[in-house]
Amino acid sequence: MKKILVIGSGPIVIGQAAEFDYAGTQACKSLREEGYSVVLINSNPATIMTDEETADAVYIEPLTVEFCERVIARERPDGLLPTLGGQTGLNLATQLAQQGILQKYNVTLLGTPLSAIQKAEDRQEFRALMREIKEPVPESWIVENEDQLAEILDLVPFPCIIRPAYTLGGTGGGIANTREELWETGRKGLKLSMRSQLMIERSLLGWKEVEYEVMRDKKGNCITICNMENFDPMGVHTGDSIVVAPSQTLSDIEYHMLRTASLKIIRALGIEGGCNVQLAVNPDSFDYYVIEVNPRVSRSSALASKATGYPIARVSAKIAVGKTLDEIENPVTGTTMACFEPALDYCIVKLPRWPFDKFASGDRTLFTQMKATGEVMAIDRTFEAALMKAIRGLEVKQKDLRHAKFQAQADEELGESIRIPTDERMWAIAEGLRRGWTVDAVRKLCRVDRWFLVKMQNILAIEKQLQSGEQVAEQALKVGYSPSQILELSGGRVVAQDHLVYKMVDTCASEFESQTPYYYATQGTEDEATQSLGTPLQATPVFSVT
Amino acid sequence: MKAYLVLSNGAIFEGESLGSSAEIAGEVVFNTGMTGYQEILTDPSYAGQIVNFTYPMIGNYGINEDDFESDRLQPAGVIVHEACETPSNWRSNKSFAQLLEERGMTGIQGIDTRAVTRLIRGGGATMGLVTTDLDGAIERLSKTKTYDETDFVGRVSTRTPYVWGHYGREKLGEWDEGDYRGRIIALDCGLKYNILRRFAALGVKTMVVPATTPAEEILEWNPDAVLLSPGPGDPARLGNVVQTVRDLLDVKPLFGICLGNQLLCHALGGHTFKLKFGHRGSNHPVKDLLDGTVTITSQNHGYAVDPDSLAGTEAEITQVNLNDGTVEGIRAKNLRASSIQYHPEAAPGPWDSRKYFVQFVEEMVR
């Protein structure tokens with residue numbers, strides 16, 4: 001094996017956050033580090049991936065079977081790595097394999113075998129596998145045409161969720177509350193699914209949504225990179241949800257119960273590389289359901305990589321060419337191996353960025369189809385401070401938890417704004433809490449875990465104190481207000497002097513010294529960025545439709 | 001109330017008192033787990049230590065009735081960045097701070113626990129003092145008996161034997177009762193309940209006996225095997241327990257966990273040494289030299305087996321730590337004795353190494 005073809009992500013569309021460019025670029029670098037010659041095909045010139053220094057040969061061509069075959073015929077690669085370009089790359093690789101093109105040119109498919117990808121992506125096969133390994137999946141129905149859809153209209157409990165198979169970001173999916181809605185959305189979904197396949201399943205609205213980013217190598221070594229807990233409960237696409245890492249409201253037993261399930265699944269599928277497992281967790285018991293598996297590097301992996309410092313795509317690429325986790329170095333520490341699980345000593349908050357400011361007439365309601373076009377990630381030592389930092393990084397009008405639109409709403413209207421998930425719901429929730437509605441009352445409307453609501457209350461308490469001119473500068477800095485915000489909120493009465501220091505994201509909670517960490521700012525006394533030349537990271541810049 | 005963490009190297013951290021405000025001293029160690037504080041608080045292997053949690057928000061999911069690993073809070077004290085006052089989890093019935101107050105444990109919050117960790121990483125595990133009175137604190141700390149000079153096993157070991165079966169704790173008289181695949185005796189140097197729960201789940205009944213129980217007494221109960229439990233402190237101080245292990249070698253199958261690994265090492269003629277700052281967390285990779293697999297393990301130990309000291313003994317090294325190469329498992333195949341340095345019972349931590357309980361039970365009943 002000398003030459004490897006990597007399929008890029010193609011155009012960046014709504015439902016992506018440019019994660020596949022990130023993953024693909026890392027993979028190309030990683031393969032070249034291992035001494036392979038890398039050929040890249042991608043139709044999108046506005047990517048880092050297509051920079052000259054990323055690959056040995058770059059083809060900016062349409063991502064179709066026809067053009068791909070031409071590149072293969074000309075370059076004669078020994079291997080093809082399809083699992084880092086998202087769904088586009090996977091679908092293309094599948095077609096190349098099915099049409100015998102890979103066989104014709106003697107190209108080996110690297111990474112997770114296609115059969116495993118098929119098992120993970122085909123709803124029916126996946127559910128059969130879950131039953132085999134005794135992992136719970138919500139009761140559901142699979143339909144492949146309108147007749148089958150008509151047959152189940154009277155069987156399904158409402159509300160139910162409609163998920164088309166083989167689409168990106170859940171396009172064509174949704175929630176149906178009535179027979180009529182199921183019929184309408186279902187018919188649309190059948191048309192949009194590449195394989196004309198829909199899954200209709202019991203709604204788990206209000207359950208916690210938790211994700212695990214896991215990896216496996218060919219020897220069967222399995223690790224968890226990170227878990228994430230969604231602020232928005234089940235019902236909102238995880239790409240449209242506010243996400244924290246690590247999980248905050250799972251006890252050790254729950255954390256490891258779900259971790260064990262995730263590793264069992266990645267083993268049963270035979271994934272070689274990174275994989276994302278989504279779970280719904282009952283907030284009042286040990287019950288959970290496996291919702292979905294992404295058998296490849298995904299948007300969540302990009303987030304998990306940046307959240308932990310663990311380079312998932314880079315390690316996945318090395319696994320694809322046959323290395324095992326205990327043979328790959330952890331490039332952050334430079335002294336330990338990639339076969340371990342990152343320990344975080346900070347809190348990550350991801351806020352999605354939606355394009356509604358560009359599409360003023362767009363429907364702002366969120367459900368199972370992703371509408372966000374980007375995201376910001378903020379790091380700090382507490383949830384409050386990370387949330388405030390993320391809001392400031394979002395490049396929207398709101399710089400804290402105040403939003404004029406909701407402040408102007410009457411109680412009844414505000415209740416609806418809290419109940420129905422939209423891109424602005426966080427501010428509606430804050431307004432409810434600001435009006436003195438109890439945590440339980442707000443929770444009843446939005447189903448967001450009490451933990452998050454209490455944390456928002458903590459910020460609002462400071463907001464109120466600042467507005468009345470109380471001298472709470474230190475507390476305000478601690479929950480994430482900047483000195484200028486403090487000055488503005490207090491009408492110039494409270495003056496704060498911040499003491500920002502930079503701490504490392506080093507994958508190991510400082511247990512080991514690190515060679516190439518990155519930094520985040522926090523209020524504190526010990527600055528770790530004084531001796532080295534790192535790039536301070538406040539919040540990752542917004543990627544949005546322009 | 002203002003409180004201070006004073007380290008023996010002179011470093012002073014100012015924070016807020018959490019739980020009891022009584023002055024305490026102990027060896028300051030850090031744990032990098034992101035969950036599991038309730039299990040850590042009740043793990044006897046933390047006796048005499050002040051646990052510094054690297055995860056900055058502790059207590060998020062509260063304290064529940066089920067996840068205790070012993071009946072007492074075991075560390076000398078705790079250091080946290082922020083203790084969560086309003087936890088959220090369906091099993092939670094009190095907050096972290098409430099538990100500390102109820103049980104009279106001293107803690108301190110508002111501390112940059114990352115800075116404390118970096119100090120320990122650089123200078124090694126060190127003695128520390130948590131106090132509300134800074135006057136003369138360094139002098140009081142310097143007069144405190146160090147961790148290494150203290151026998152903690154005697155403090156944490158059970159006073160009287162008890163039995164653990166399918167339904168939890170039982171009376172001694174019930175040792176012979178019930179349908180079990182096997183019966184083992186656990187020499188309690190600082191046992192965690194989850195070890196007993198794991199054995200019970202595999203159909204094995206356990207009798208827990210004080211660490212000072214001599215071999216003859218253990219053998220009178222005629223167990224199928226003997227478990228050498230985890231526990232706190234320097235194994236080199238436990239000459240009498242090592243003698244018991246030596247007396248049992250080749251008489252009964254032996255299985256050691258954590259301190260049990262070090263006791264087996266001493267009994268086989270090897271030595272142990274103190275690690276710079278130990279391994280405490282839920283993410284330590286261990287390579288099994290017998291099959292080449294790597295397992296992510298839960299760890300809590302400050303001492304390790306000296307591999308060179310095993311030369312010429314019956315012991316062979318079966319597992320090593322992937323990060324620093326330290327010994328993680330040994331066995332003396334001919335003597336039917338094996339042990340591991342980490343915690344297959346997890347609680348807290350990953351469940352991946354539960355297979356070693358299964359292996360041990362399979363070998364025992366064979």
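Within E9(B), B:Leu129 is the bridge partner of B:Ala25. The model is predicted: local features need pLDDT of at least 70, side-chain atom pairs count only at pLDDT 80 or more, and totals for chains, interfaces and linings use all residues. Residues are numbered from 1 along each chain as its sequence is written, chains are lettered from A and ligands numbered from 1 in the order in which they are written, and side-chain values use heavy atoms, with hydrogens and water left out.

Strand E3 (residues 24–31) and strand E9 (residues 126–131), both of chain B, pair in the antiparallel sense over 5 bridges; strands pair if DSSP finds at least two bridges between them. Strands (E, at least two residues) and helices (H or I, at least four) are DSSP runs, numbered from the N terminus.

In chain B, 7 strands close into a barrel, in the order E1-E2-E8-E6-E4-E3-E9, with mixed pairing. Neighbouring strands of this sheet are turned by 35° against each other on average, direction ignored. Axes are lines fitted to C-alpha atoms, for helices over the stretch in contact, and angles run from 0 to 180 degrees between N-to-C directions.

Helix H2 (residues 96–103) of chain B lies across strands E2 (12–19), E4 (49–53), E6 (77–79) and E8 (106–109) of chain B, at about 80° to E2(B). Helix H3 (residues 113–123) of chain B lies across E1 (2–7), E2, E3, E4 and E6 of chain B, and runs at about 90° to E3(B). Contact means heavy atoms within 4.5 Å.
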